[in-house]
Amino acid sequence: MNDLLYLTALPASLALLSLFIRDVKLTRKLVPVLIWWQLGIVALVLHPCLINGQRMEFTSGLAVDKMGTYFILLATFVVSCCITHADYFFAAAEAHGDAYEDQQLRLFYASVNLFLLAMTSVFLCDNLGYLWIAIEATTLSSAPLVYFEKNKFALEATWKYLIVCSVGIAFALLGTVFIFAASQRGTLAVPTLNISELISQAQTLNFPLLRLGFIFCLIGYGTKAGIFPLHTWLPDAHAESPAPASAMLSGSLLNCALFGIWKVSSIINAAQPHSHVHQLVAILGTVTVVAASLLLLRQHNFKRLWAYSSIENVGLMVFAIGLGSGPLFFLQALNHSLAKVALFLLTGNIIQASGTKKLNKMHGVIEDCPIWALLVTLAAFAVTGAPPFGAFVAEMSMLSLSMTDERWALALIMTVAIAISFVAICAHVGKVILGPAKQGFKKFQPIRASIIPALLVLGTLVLGLVVNTEAWSGPWSMIK
Amino acid sequence: MTSINTDAILETLVFIAIFLLLPPLLVGIIRKTKARFQNRIGAPLLQPYFDLLKLLSKGETISKHTSWIFRSTAAINVSLLIILAFLAPWTSLRPFNLGADLFLVIYLLALTRFFTVLSALDAGSAFGGFGASREVTLALLVEPAVILCLAAIGSVSQTSDLGVAFSFNNIALANQPGLWFIAGCGLFLASLVELSRMPADDPTTHLELTMVHEAMILENSAANLALVEYAHFLKILILLGISSQCLLHAIPFFWHTTELILVFSSLVSIMILAASIAIIESVAVKLRWTKLPEFIAYSVAMSIFCVFIALSKNLN
Amino acid sequence: MILDTFEALAMVAAIFAILILGTTHLRTNLSFYSLHTMAIAAVTAWIASITHEDHLYLVAAGVFIIKSCSIPWFLNSVIKKINVGTDGGAFIAAPLSMHLGALMLGLSFMISQQIPGLIGEADSRLGSTAAMSILFSGVLLMLTRRAAISQIVGFLVIENGIYLFAVTQTHGMPLMIEMGLLLEVLVAVMVAGLLLFNIKKSFEHIDVSQLTELKD
Amino acid sequence: MINDPTTFSAANLFTSASAIWLGGLAISAVGREKVKSNFLAFLMLAGALLTLSGAAISWNQSIEYNQLQYICFGLARADSLVDPLSVPFLALLGLLGSATAIASPCHTAALNSQGKRGHYWKLSFIFLIGMQQVLLAANGIAFLVFWEIMSLSSAALVASDHIRHRAQRAAFAYLTATRISTALITAAFLWMHHNTGSWSLSAWHFGTEQSLVAAFFLLFAVCTKAGVWPMHVWLPLAYPEPPGPTSALFSGLVGNMAIFLLMRLLLAGQCSHLSIAYAAIALGTISSLWGVLFALMERDLKKLLAYSTVENMGIILTAIGVAILAHCHNLTAIATLAAAAALFHTLNHGLVKALLFLGAASVERAVHTRELTALGGLAKNMPWTMLCFFIGSLSICAMPPMNCFASKWLVYQTFFQLSYANAPILERAMSLAMVGILAFVGALSLACFTKAVGIAFLGRPRSNAAAKAKESTTNGPDGLIIAQLLLAVACVMIGTSVPIALDGLAPAVRQLTHDQFLVGSSLFPIPQGQLALVGGILVSSIYLFVLGRRSAEVKSYITWDCGFGPLSTRAEETGSSFSHPIGRIFSQILQLKVTTEISGKDRRHFPESVRVETFMTPILETKLYRPVMGIFDWLSSSLVRLQTGSIHIHLLYVFLTMVLLVFLGTNI
């Protein structure tokens, strides 16, 4: 119980503080430091789970396993990177002339902390009901981040985000109810929503209801994650929110929704391995990747480009879930988060500097600011799964896993789709990077702006060089 | 040739004498025959020798735009053709047998063409330029025919060494008069073009716009010109020699006669071919440039027949 | 068939939900909505009395206070502030959509026969029928109405449908979760309401069908 | 096995080579103005020489090692394998790497901005490391990783002159092509891993039935990367773009890497699918014809060279096809011959093409253009470049006694011997036809390169820039020239001592065809060296005694101008007019159109102005690639239309998806 307090106290208190501290400058400096501190705390509290993978039970319905720990750390890390960069971002905005009001910033910092709190609790949930509440909470706490700019576009994006996601999530609630019903109507009736219990006695559950519940949860959380036909809110929200916020949305929020899907799918896995529902999930992932890669071909907005590439990566993660391989899911999520956060932050800088989001109005970043150009290129390669970056390892392992799983059609389609998306992204990025100089970049401090992205890119590079996934080649090995 | 035996040395001397002295004579024969056909007396048979000597004694003029290519081409071509004369089976008198690989022969000829074309381009005159471009065009069309004729023969005799293929003791080719004859005709037609005779090119014209070979050597003079001319004569000797050899192989009589008769008959047949060139040139007209491919098509067709015969020969 | 009392109440709730579809007058919508939620609260209470699960009484109370009183009151005040009387208009005319909703009731009765797994006689067909038809009317509301506020109402109706399903089929989920849900819905409505103000401020209308700036 | 001394030293040599290159990368990334380019060039040279010596040490044995235990690319570790096959390629890499290193300083000296210099060095080092590791990779994953590193860095090199839109287009085209090939390779590797359960390249055998799919994927991947018809369209765009010195690496090695992959997997893997052989031969033939034809018509010096690469890749591919074919009919002798021909020609072509590209680079440096119409008469001002380019052209036209003649001769022999081998009649007919086609291609390439040399270097300068071109930055020959001389000497050396070279290649050929009784030097009986010697003596004696003898007086005068005043350079043959007669013959393929308009009152007798224009429309781009692009465009645009921006529609998607998924989930 205390551990729970340790985990959640800092963000909660920061949320309040940042609302009431007069001087926003202080908040801008204080919050990042404390959130890095929070990262340390999380690591400290969860280290037993991290080191020897034991499950940590806090109360009934609140527990965290190894994967959850990883995801909490990832989310906290992403938020701390973004919030650290946000300081520069706002400073640059002031230097550029369009400073934000203090109230805006206070709200921003408050909701970032709430957002972090919500995300942390998502990964702590061991109960489908709590999981649902936490995920909906992430939606609500991130809505102000999307609305940050306070212009018409931001408003529209926020409304769509709120309504579409809430409706989608409502279906997840229906799914949760079905699973509860399944637990009631099982052979030995112990009505529970506790995930670990459900997994432990999955065989006894009422499978048709469970399957129905899983499908509704898939739709619900899938809407939040941005699976293909449900993705419509995602580009708007990611494109209209300020760069640090979009980085957080893409780098950590999507993981929460996918984590929900993973939890539910692990129940149905335990109930009946190789059920065709998983085939369905894998197909859904493939469809998402294909659609996203085709959509990437026609983009005119620098941030929407990365939003669609996030959709593509979500497809890959859903594919991993469909293959039932947790580690690969996490590996993909980790690499995507690192690369995509770097990309969104850099994109924010470039947009601030060149004063436009339109891809066809940008050129010659490499002349104006070589270091940004270099980082954007590397991060783009990383996010499209080019070796030697981490995403390559994850994708390659997924593909070979699906080959061994006799899903070679999906694997081949996936290969083609990944290639298409690579070409599309490289074409767009090339247009931005290359060409004559624009001379808009004088008053920005490129080095200071590229510390965090450089670290992130380095991280995913290292991941690509050291991770060993041979152990995870067996399809269902890592679920138990 | 390590063992010193007199007749080997004698043969060698005779051989060298033949290929050094015969080429101008061939041209003399051609010109004489043409003159006769045109009811002229014509220049004496040995005129080409006199021309060469005259050129050697003249003073040379070189365009100041030229480079070392122009200077050295003539010498290189002559020496290449001398080497070819030693390799290629243009006569049945071969005192020593160096491996005359057919691809090597073809590519040595191509090498002479390479230098000729470059030296034509070297002076930067308009005529040299289009002479060169026409030369490569013609070569392009002729090359497959030549190589296919020879390759067909080689493929029947299962070796790419022309020395072996053209020696009269190769059983595989003993009774293939059809193959030999068609190959001979094909090669003869091809060499008409290669040697820039009628109907591909008119060696006697002086309208630069229509000539190919003459246009290319427009800038050469004196000793340089003499060498070029001599190289061309040698080329005539070798190409006509090869086609005449093919035709001789077509006649069963020559498969079992004495060495001496063979040698004489091969020399005679070369001269006959030279004469027939003259006849063709006097009865035929120079084709229009755009019509040439149609003429060359005949020799290509010959080569295709050769290929069919070769394929059917060792059918298994 | 004999109609169980809570089933009757559920039906009443469903019918109120369908009635919401009937008009584009927002006040009326809201009042219908609060009646509909009261019926659901009553269902909860009744089931609590049948099954003697005391925590359901608390849930019923929560539903009554939060959903059927405070949320309609809040939305009413929002409407007053931005003084928008009626919905800008529907893609499908209001009466027609109401009839559609009625048909949906029938459809959902048929579907409720199909739900795999619900086989024990403990679960009531009519309960799930009502829940599903409420869900459908919520969907219709969201799909056919232009005004932002009707979309909020639609979302609430959908949520009610799901809740009713949970109550009738599983006799309520654990208390903590139910309370969490209520809180969640409240906050969601608050945030949506605040956004509503801004929409009115910057667009001079609350017609969300005109928010189509963001596209590829 | 690391304890075996040669293994150890060879492994060390290779590792330290890439370590040095890595160090160079780090220095060029960190060090700003301070670092002298000579030092970086020295590092590059050192790495190249180490690679060369490593190859020399391990030339006839195969070595497996892994000196990067801690590196792991997920599914496999960075294992390295040096076997006889990879040795010659490593040697080529070493040679071209040193040439690039020598040529680099005078290139970077010409660059104005520090940023450009830094990019040049970084990318070149990465490129070198990538290629070396591709050659050393022992398993599929490591291969893919380094393959992609190589491709991406070379793509960046292509884009290095990025201000120009041309360079951007080239880079994009190259990137697309190379990604397609990577995707195909990935698919093939996945398939083979699925079949064999191993990632090690040497464990894959293509004799089995189910390996056919992978073999086809591989073939097309290699065709795309090596630039074989019809996937070659990126090549003439990309090859001219990299900066001068690296264009040698690029042109000499990128295609060869693909060929290396094909040999390593299909030949050494004993592929026995006739369909693969036929496909390879067909594609190879078409692309050799196509490439040389377009090379002949090209007006841009470097594009001409690029198209000739298409031609040679085609020839190599046909040889590989015959090797597979012969293996299917188990005609070991011919298989050996074909494999040797393919390998030898690959190496020779790499060497020669690098030499030619360096020459073109030095021309571009001197004249600042690659348009043949603006060149001419460079032989006076740039004698060394002229000499090297001339040697290169001789070699690429397979003129005896150059190195390419030997390999081309082997290709001829392959087909020639197949024509009377124990094979189906159709294949024998095909092989004789191929002899004719090869001769045809040879004649075309002769035309093409006489054009290149003659128009660019001979005649009179066609522009002022060409008239006052300076060969080198220093007064002596500078790095770029020395690099060319190095490669030219290498060409002549190999050409005049073919048996030795073939003996060196024998282990590789043995590995490819598993023919243990192979004697390399017996493959090529022609005594080229002696012939060259005799020829040289003859030429010099004739030169001395006939042309240059005392009595002959030589006077220098202008080119004959028919007695009209001085000839204008407009009267000279231009590149396009030189190749026009041939173009006329193939106008259908080339889509060659000529428009002539003569104006003036009496147009027939006194034309005032004559204007002749020739157009060529690239048939593949318009007829094949544009429709394909159109399909993708249509797909994406119709998908984009889904994103209507109306929230009602978006909600509708949610509900419809729900219905669909519930249906699928419950009723399947």
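Trainee: How many residues of chain C are in contact with chain D, and with how many residues there?

Mentor: Keep in mind that this is a predicted model. In it, 12 residues of chain C are in contact with 11 residues of chain D. On the chain C side, those residues divide into 7 nonpolar, 2 polar and 3 charged.

Trainee: Now for helix pairs. At what angle do H5 of chain B and H21 of chain D cross?

Mentor: For a pair of helices, look at the axes. Those of H5 (residues 126-157) of chain B and H21 (residues 575-585) of chain D come within 9 Å and cross at roughly 30°. Angles under 35 degrees count as roughly parallel, so H5(B) is roughly parallel to H21(D). The crossing of the two helices, H5(B) and H21(D), is right-handed.

Trainee: Which residues of H5(B) and H21(D) meet?

Mentor: From H5(B) come Gly129(B), Ser133(B), Arg134(B), Thr137(B) and Leu140(B), and they meet Phe578(D), Pro581(D) and Ile582(D) of H21(D). By class, this contact has 4 nonpolar, 3 polar and 1 charged residues.

Trainee: Let's take a single residue. Is Met248(A) buried or exposed?

Mentor: The idea is to count neighbours: 20 or more other C-beta atoms within 10 Å make a residue buried. Met248(A) has 27, so Met248(A) is buried. Its place is in helix H11 (residues 243-271) of chain A.

Trainee: What is Met248(A) in contact with, beyond its neighbours within four places in sequence?

Mentor: Leaving those neighbours aside, Met248(A) is in contact with Val78(A), Val79(A), Cys82(A), Phe115(A) and Leu253(A).

Key: Residues numbered from 1 in each chain as written. Chains lettered and ligands numbered in written order. Predicted model: local features only at pLDDT ≥ 70, side-chain atom pairs only at ≥ 80, totals over all residues. Axes fitted to C-alpha atoms, helices over the stretch in contact; angles between N-to-C directions. Helix = DSSP H or I, 4+ residues; strand = E, 2+ residues; numbered from the N terminus. Parallel < 35°, antiparallel > 145°, perpendicular 65-115°, else oblique. Left-handed = near helix turned anticlockwise from the far one by under 90°. Contact = placed C-beta atoms within 7 Å. Nonpolar A, V, L, I, M, F, W, Y, C, P; charged D, E, K, R; others polar. Buried ≥ 20, exposed ≤ 12 C-beta atoms within 10 Å, placed from the backbone.
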